[in-house]
Amino acid sequence: MAITDKIYIKNHRQIVSQLETSFPKGAFKGATLDILFQGEGLAKLDDATQDRVLDFAEDFLDCDCEANPHCGCAERKFVRYLLELREQGLGPDAIVDVMGDDYMLYAYPGDVLSFLDDSVRTLEAVETLADVEGHTEAARRAQQTRQNLVR
């Protein structure tokens, strides 16, 4: 299961009440994206929530894909965001706090830790395969990225 399947909307009940409609708690679920990021739903939200939803849309949903927001770009951008937070030295608890402050999202720190561990293991595999295939630059980049995550 992808980490984006384990990212949830903070204050979900409050937002459901404001919108007067139900939708899944998962931030990257299709129905959630449709309800929160279509114009009419956004106008019903209080200012603070509306600002966070707009920040999320600007940072993750800004792509030119025909299938936007269901194209997968948002999920890839969010994964990059999580990895960048880790590269800044934040641990799982701090990452959860920052995503809550930035976008009113939450996850369980254990899920974030598992994602980070899987990312490090994947980078180790990329590094090894790149070495075997003689792609020294790719191996070096994978090694550098991995080292940035484990600091």
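**Figure 1. Salt-bridge network of Asp117, Arg121 and Glu124 in the predicted model.** Salt bridges link Asp117, Arg121 and Glu124 into a network in this predicted model. Arg121 pairs with Asp117 at 3.1 Å, N to O, and with Glu124 at 3.3 Å, N to O. Side chains of opposite charge can pair when their charged atoms come close. Arg121 and Asp117 both belong to helix H7 and sit four residues apart, about one turn of the helix. Arg121 and Glu124 are three residues apart in helix H7, so about one helical turn separates them as well. An α-helix has 3.6 residues a turn, so residues three or four places apart point the same way.

**Figure 2. Salt bridge between Asp111 and Lys6.** The search of the whole structure finds five salt bridges, and one of them joins the side chains of Asp111 and Lys6 at 3.9 Å, N to O. Asp111 lies in helix H7 (residues 109–132), while Lys6 lies in the segment before strand S1 (8–9), so this pair ties together parts that are 105 residues apart in sequence. Asp111 is partly exposed at 21% relative accessibility. Lys6 is also partly exposed, with a relative accessible area of 21%.

Figure 3. Helix H4 covers residues 47–60, and its 14 residues should span 20 Å at 1.5 Å a residue; the C-alpha atoms at its ends are 20 Å apart, which agrees. Buried in H4 are Thr49, Gln50, Val53, Phe56 and Phe60. Seen down the helix axis, these buried residues fall within an arc of 125°, so they line one face of H4. Asp47 and Glu58 are exposed on the other side of H4. The N-terminal end of H4 is capped by Asp46, which has a side-chain oxygen 3.2 Å from the backbone nitrogen of Ala48.

Figure 4. The 15 residues of H8 should span 21 Å at 1.5 Å a residue, and the end C-alpha atoms of H8 are 21 Å apart, in agreement. The buried residues of H8 are Ala139, Ala142, Arg146, Asn148 and Leu149. They pack against helix H5 (73–87) and H7. Arg140 is found in H8, which comprises residues 136–150. At 43% relative accessibility, Arg140 is partly exposed. Its side chain makes a polar contact with the side chain of Glu137, at 2.6 Å. Arg140 and Thr21 are 119 residues apart in sequence, and their C-alpha atoms are 50 Å apart in space.

**Figure 5. The largest nonpolar core.** This core has 32 residues, and those with the most contacts inside it are Ile7, Phe56, Phe78, Met99 and Leu105. Two or more residues each come from helix H1 (12–19), helix H2 (30–36), H4, H5, helix H6 (92–103) and H7. H5 gives the largest share of the core, five residues. Phe56, listed among the residues with the most contacts in the core, is also one of the buried residues of H4.

**Figure 6. Ile7 and its contacts.** Not counting residues up to four places away in sequence, Ile7 touches Lys25, Gly26, Ala27, Phe28, Phe78, Met99, Leu105, Tyr106 and Ala107. Among these partners, Phe78, Met99 and Leu105 are, like Ile7, listed with the most contacts inside the largest nonpolar core.

**Figure 7. Lys25 in the loop between H1 and H2.** Lys25 is placed in the loop between H1 and H2 and is partly exposed, with a relative accessible area of 44%. Leaving aside neighbours within four places in sequence, Lys25 is in contact with Ile7, Tyr8, Ile9 and His12. Lys25 and Ile9 are 16 residues apart along the chain, and their C-alpha atoms are separated by 5.5 Å.

Definitions and conventions. Residues numbered from 1 in each chain as written. Predicted model: local features only at pLDDT ≥ 70, side-chain atom pairs only at ≥ 80, totals over all residues. Heavy atoms only, no water. Salt bridge = Lys/Arg side-chain N within 4 Å of Asp/Glu carboxyl O. Buried < 20%, exposed > 50% of the residue type's maximum accessible area, 1.4 Å probe, protein only. Expected span 1.5 Å × (residues − 1). Arc of directions from axis to C-beta. Polar contact = N/O pair within 3.5 Å; in protein donor to acceptor, adjacent residues only side chain to side chain. Contact = heavy atoms within 4.5 Å. Core = buried A, V, L, I, M, F, W, Y, C linked by side-chain atoms within 4.5 Å.
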